[in-house]
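Let's take a friendly walk through a protein model. Have a look at the fold before you read on.

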Amino acid sequence: MNHDLECQQPTVPEVGVYECEIHLKFRLIEEKGALNDRDRLLELLIDAFTCGTDEYLEPLQIEVEAQELPETQASPQMRRRLIRLRNSRDLA
C-alpha cells in the first residue's frame, strides 16, 4: 500500500450558487387534457424532455446558460442550505 494515499484528505466537492436559464422549444404529441392543468404542465414537459427524443418528442431549439453567483445574491434560505450542505458529511 502507498502510505501517501492513505494520508491524503478526501476531496470535498465544491458547491456554489448558480443562476440558470433554459429555453426549450420542442414539439410533443400528448393528450389534450394533460396540457390544461397549468400546475402540472411544466412537470409534464420537463419529464418528456428528459426522457429523450422519441417518436412523440421533436426538439427544435435548446439554449442553456448557467453562471455562478456570489453567495450574497442568494436568498437567506438558500444560503442556509448551502452552509448546511457544506457542513454535511454526506457531501464528502
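Here is a short report on the layout, the salt bridges and a surface patch.

## Ground rules

This is a predicted model, so to speak of a local feature takes pLDDT of at least 70, side-chain atom pairs count only at pLDDT 80 or more, and totals for chains, interfaces and linings use all residues. Residues are numbered from 1 along each chain as its sequence is written, and side-chain values use heavy atoms, with hydrogens and water left out.

## The overall layout

The protein chain has three helices and two strands. (Helices, H or I with at least four residues, and strands, E with at least two, are DSSP runs, numbered from the N terminus.)

Of the chain's 92 residues, 11% count as buried. Buried means under 20% relative accessible area, exposed means over 50%, and partly exposed is in between, using a 1.4 Å probe and protein chains only. The accessible surface comes to about 8,400 Å², and 50% of that belongs to carbon and sulfur atoms. Such areas come from the Shrake-Rupley method with a 1.4 Å probe; for residues, only the protein chains shown count as cover.

Now for contacts, meaning heavy atoms within 4.5 Å. Among those between residues at least 6 apart in sequence, 74% join residues at least 24 apart.

## Two salt bridges

How many salt bridges does the structure hold? There are two, each being a side-chain nitrogen of Lys or Arg within 4 Å of a carboxyl oxygen of Asp or Glu. In one, the side chains of E58 and R27 meet at 3.9 Å, N to O. That pair links distant parts of the chain, with E58 in strand β2 and R27 in strand β1, 31 residues apart. E58 is partly exposed, with 40% relative accessible area.

R86 and E71 also pair up, at 2.7 Å from N to O. R86 sits in helix α3 (residues 76-87) and E71 in the loop between β2 and α3, 15 residues apart. R86 counts as partly exposed because its relative accessibility is 35%, and E71 is partly exposed too, at 33%.

## A nonpolar patch

On the surface, I22, L24, I62 and V64 form a nonpolar patch with about 380 Å² of accessible area together. The elements giving two or more residues to this patch are β1 (17-28) and β2 (57-69). Patches use residues with over 30% relative accessible area and no salt bridge; like charges are joined within 9 Å, nonpolar side chains (Val, Leu, Ile, Met, Phe, Trp, Tyr) within 5 Å.

Take V64, found in strand β2. V64 counts as exposed because its relative accessibility is 61%.
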